[in-house]
Amino acid sequence: MKKILIFVVLKIILLNTILFGGELIHKKINYKVPKQLLKKASNEIISEVINIPIDNPEPFIAVAFSFSKPKITEHKYFYLRTSQDKLNWSNWFEVEEDTHGEISEEIFFSRLSFFDKSTKYIQIKSGVLNTLENIKFTFISPGKSDKKKIAKSLKQNQLSKVNGFFKRPAYVNRKAWGCPQDENVSARKLTNVTHLIIHHSASHTTANDFAAVVLSYWDYHVNTRGWADIGYNWLVDRNGVLYKGRAWKSETEENVQGAHAAGANRNTAGLCYIGNYEVNIPAQTGLDMLENMLAFLSNKYEINPLKKSYLNSVGSVKDNITGHGLSGSTTTTACPGKNIISILGEIRKATFNKLVDTTATPQITVIAPTSEIDSVYLSKDIVIKFSHEMDTASVESSFTIVPAHQGAINWSSGNRILTYSPVTNLTGRTNYTITIGKAAKSKWNISLTEDFNFSFTTKANNFLSILLSYPKDGDVDVPLDTAIEILFDSPLELYSVGRNFSLKDADSNDAEITANKSNLKIGLVKFTAALKENTTYELIFMDSLKSIDNFPLGKNKKITFTTEVKTSVSDESVSATKYELFEAYPNPFNPTATISYTIPNANVIANGMKQSDESSSINSSFSNHTNRVKLKVYNALGKEVVTLVNEVQNPGKYSVNFDASNLSSGIYFYRLQAGSFISTKKMVLMK
């Protein structure tokens, strides 16, 4: 058999360190794509099996790749999978471009992925694999970390630096996590820190030796990306351990400029919460340490966590504490992931509360669940996070759940987080109200100022649910070029989507349909289909479709819709017969949606009524109260976002474009008012 896979060892770095049980090993190989690679599926080309060139890696094997960017790349998705024996393979893992540094116009660098140390083989898959040149793979085995040296470092650095009344959290220094460079480097460039940027590492990882993970990032940033040091200023793991990142200029000059947000490195400090929080939920222990460090830096650099200010490096006003993708960086990125972005407000508030004197009144900063109907699983815990350490007895005695349900209360994070776990599943389709009475008090004997309560409604069962769809079930006159969009209440498992849906016409014939899986992490599936006019379709989802946390759909569900008749002629001169506010299209949307509505002709309304002496007054009434039309958009808290229409309008059908480019993802409501007619509908902005 002709060999078509070529490996060339480019570089081997063996850094022997006394801190680790093994040695830091860095290897690169060239991979040349064969001209005739078997095309496994549409738009997916799979490489030959690639041998990992490091024997017995410890404590994991870290993998990344790079290539010369083609002039045109229509398909930018790349996937890796692993094997120990070439027979049994893992699932495919998506690998994205590393956007933490300056993006090269010439070279694509992937993010670093971490796999089990028993991994011996990998494959890469992409629709453009056969167009790529100068493909290079990087493999890193950092060696096991020395737990004793890490513990010693944490003890030595425990509350070692004091700034005002706020003390620096204990951290692992560079020597303890194995950095070959010095603790402080005089060549480092200083910057005036005005903003704090939160990152996630974003890559796939099975690692739990996080000191070795930090060393791997240093090695990748320095020996593959060519940077002077690790890009982040600080890193936090899910166990709540803090790691010093980039070297300081001196023991008293730690405000060094990092390499963590292209175009926004000046005037910022970068903090990385290790993990992928586009997919995973951040552990509370890690969030606590992140907030502790944000509070220390906010105090040190006189930053108000709740305010916005001008960020000089990007030339615009930004939140003082923000995420990488929201910072004004020149790179487009979802960092630090939707599961951190969605709680940035809570992180800012918790950070602010840590800066407040302990004699202050305790606040409830985070509650879960908070939801609309049919979105709370029956087995989910109830979580309440306080701004201060609490007196547990007083809180528990003031805690009530209505309707009553037996459960157990546990505390974590220094008695700041209360978790109520139902002994049995909550009752389906039931509205529950949780109350913390004002008798609840902090450790320092300061009580709440008033009772605090919140409510949620449970799902009918512990099954995956469809939140929104376009078209909706029963829709007619659906355009043939419609992008079908279905939003579920949980992220979806990738491989269950591909085999658990179908599109059938009225005669049960299969219709051609393709799923775009790029948004499964947020529960959104987009379909493209070759629709025929004046045809009724059934989009069917099978019961085995499931979320990433293994909640199944439970039963087959279908959405029925009928397409438009393109040969028919629409008489635009025909007057509307009633007020009507239509569904926004598309919904979900990003960033624009069209909102349509009709204003009726008073004569049409009056002529449709039984004639009486009151008909003239009815006519007059309609004529008067339909002149002024108001169309407004509100956020989920009921705050007005924008007024789209506020004017006198003649009878007819109107369409208004709503641009949400400057708004954050979430649920919004649009409200039409014309005289006594009021109608409100919901739309979802999904960025």
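Here is a short tour of a predicted model, stop by stop. Residues count from 1 along each chain as its sequence is written, and side-chain values use heavy atoms, leaving out hydrogens and water. Local features need pLDDT of at least 70 and side-chain atom pairs 80 or more, while totals for chains, interfaces and linings use all residues.

Stop 1: Select residues 284-300, helix H3 (helices are DSSP runs of H or I with at least four residues, strands are E runs with at least two, numbered from the N terminus). Buried means under 20% relative accessible area, exposed over 50%, partly exposed in between (1.4 Å probe, protein chains only). Here 12 of the 17 residues are buried, so H3 is largely enclosed by the rest of the structure. Among them are Leu287, Met293 and Phe296. Just past H3, click Glu302, which has a positive phi of about 55°.

**Stop 2: two strands.** Now pick S2, residues 24-31, where seven of the eight residues are buried. S2 pairs with S12 (residues 133-141) in the antiparallel sense over seven bridges; strands pair if DSSP finds at least two bridges between them.

**Stop 3: rings.** Rings of Phe, Tyr and Trp (its six-membered ring) pair if their centres lie within 6.5 Å; planes under 30 degrees apart are stacked, over 60 edge-to-face, the rest tilted. The count is 28 aromatic pairs. Show Tyr597 and Tyr654: their centres are 5.5 Å apart and their planes at 15°, so they are stacked. Tyr597 is buried at 0%, but Tyr654 is partly exposed at 23%.

Conventions. The expected span of a helix is 1.5 Å times one less than its number of residues.
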